[in-house]
Amino acid sequence: MSETQPSGRGTQFDLGSGRPTGEIRKLTSLLEVSQALANATNFKASLQRVLDILEKSHDAVRSAVAIEAGDQLPLEVVASLGGARDKAWSAGVPGGALSRQVFATGRPVVVPRMSREPVFADRRPSDDERSFVCVPLLLNRRASGVLCIELRFKAERDYERTSKFFGVVGSMIAHALKVQKLLEADRERLVQENVRLQGELRERYDFSHILGTSRAMHEVCEQMMQVARTNTTVLIRGESGTGKELIAQAIHYNSQRASRPFVKVSCAALPDTLIESELFGYEKGAFTGAIARKAGRFERADGGTLFLDEIGDVNLAVQVKLLRVLQEREFERLGGTDPVRVNVRLIAATNKQLEDAIAAGTFREDLLYRLNVFTIFVPPLRERKTDVLLLADHFLERLATDHRKRIRRISTPAIDMLMAYHWPGNVRELQNVIERAVLVCDGDVVHAHHLPPTLQMADTSEASATQPLSAALAAYEKDLIQDALKMARGNRAKAARLLHATARIVNYKIRKYRIDWRRFR
Ligand SMILES: Nc1ncnc2c1ncn2[C@@H]1O[C@H](COP(=O)(O)OP(=O)(O)OP(=O)(O)O)[C@@H](O)[C@H]1O
Ligand SMILES: [Mg+2]
């Protein structure tokens, strides 16, 4: 301490006015300071509040908190009071060299009369006399900054006690500062983690992870890229296990909404009684057990994408509500009257023939039109046989690694069996078949006997090098009909004309080869 005065006063209470003075006032202030610093959401505002307390109860005319800023700039003012109009205070750390000394040594400095201290030589002679106190922000004997206070000069002031009191305030600030830094480091870590995870997700659902060299899959990929950039509602149709969910995710993670949530709802998995509250949420008291308001998946997907899987399974009441969200972008929570507005891109998927459901009265035609803005048909695996090997190799590599096995390849007879099979369960079934093979395989090659019995009895009616003439002709005929249906956009009569055949024959073959003509509409 550069200069101190001995303690001279002992009065603790001003009995006349009943106001606390001396030690009581200091304790009260310390309590207020600790409460102010407990508010961690805005650290600078807390510091400002601390300086307010010092001004109000402790004669502080001007005050500032400066903290270590880096090697080049040792101290940076983060909060100040009363000094805005004063050049010396607003320019840098008050007390210049003195404050830096406090920071470096961790010991307080008290200047009872500023007019006599050369550091403050630029003060005007007309200024009233003041005292300057600077204390370190001390934690574990290390200073992380300083607290500077300019007090009205009082000859009888006990400077030792004054500096001790401000020293305690300084330590409290140091403590809060440390907590703040930990919180910031934590927040920074979480942000980084989030960025990393999002990058990972984006990579996982990159278009390149959707495998397929067949023309059909190329078309699907082109459509995905087209639609990803837009906000259009997408309907993904295809048999079970064809990769509809994978496509929905790829669209989301390649859209501008990628950093916002992708929320999936499996409509078939939710009972009728639950689906409405799951989708739209509910207000407190909407039904027994609704003890608090709950946001639905629509709200949770705000800014992002809502994926309605198996949309063909939702009941008519929910269909009406969905229609309204699609038309007006708003809905009400269950038991609520206030409309909730959301910004959600909708992707729906189904393996059902929605046209049949419309005919049966279980699906609303107007909802299909709303969903049908952009439809992607995912072809069944049996119609893109060229992808079978590619996918099989991919799954083999991945699953062998997962199960820590060294399997190099699939034998030719096993490949023939994979190619001959009609894959009713599509890509998911193929994945399961390969996983089973990986598990039962004891060498480094997957052989035919590692494949499940269903494949051993495969109906080899489809294209294969060793098939009989009748099977090859049937496969060729089926291809021709499918091509014609594609050109005729699902119109069977037109397809028949293109093939120079009668509608009756074409219809018969469509049934015989189990061709799903509606897919081409
Ligand atoms: N083209 C593809 N490339 C790589 N993996 C694929 C491809 N298509 C599908 N898969 C994989 O096959 C499995 C089934 O795909 P997905 O769950 O997307 O099918 P789905 O059409 O949603 O089926 P369901 O109608 O039964 O729900 C997933 O593990 C998926 O990763
Ligand atoms: Mg699915």
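Tutor: Helices (H or I, at least four residues) and strands (E, at least two) are DSSP runs, numbered from the N terminus. This is a predicted model, in which local features need pLDDT of at least 70 and side-chain atom pairs count only at pLDDT 80 or more, while totals for chains, interfaces and linings use all residues. Residues are numbered from 1 along each chain as its sequence is written, chains are lettered from A and ligands numbered from 1 in the order in which they are written, and side-chain values use heavy atoms, with hydrogens and water left out.

Student: Which helices each supply at least two residues of the shell around ligand 1?
Tutor: A residue counts as near a molecule if one of its heavy atoms lies within 4 Å of it. By that rule 17 residues surround ligand 1, with L211, S240, G241, K244 and R428 among the closest. The helices that each give at least two are α7 (244-253), α13 (386-402) and α15 (426-440).

Student: Which residue has a polar side-chain atom 3.0 Å from an oxygen atom of ligand 1?
Tutor: A polar contact is a pair of N or O atoms within 3.5 Å. G241 has a backbone N or O atom 2.8 Å from an oxygen atom of ligand 1, and a polar backbone atom of G243 is 3.1 Å from a ligand oxygen. The side-chain atom at 3.0 Å belongs to Q431.

Student: What is the volume of the pocket in which ligand 1 sits?
Tutor: A pocket is an open set of points on a 1 Å grid over the protein atoms alone, where a 1.4 Å probe fits, with protein on both sides within 12 Å along at least five of seven lines; lining residues have an atom within 4 Å of a point. A molecule sits in one if more than half of its atoms lie within 2 Å of its grid points, and ligand 1 sits in the second largest pocket. Its 26 lining residues include G241, G243 and Q431 among those nearest the centre. The volume, the space filled by probe spheres set on the points, is about 730 Å³.

Student: Which helix gives the most to the lining of the largest pocket?
Tutor: The largest pocket has a volume of about 1100 Å³. Among the elements giving two or more residues to its lining are α6 (215-228) and β14 (374-378). The most, six residues, come from α17.

Conventions
Polar contact = N/O pair within 3.5 Å; in protein donor to acceptor, adjacent residues only side chain to side chain.
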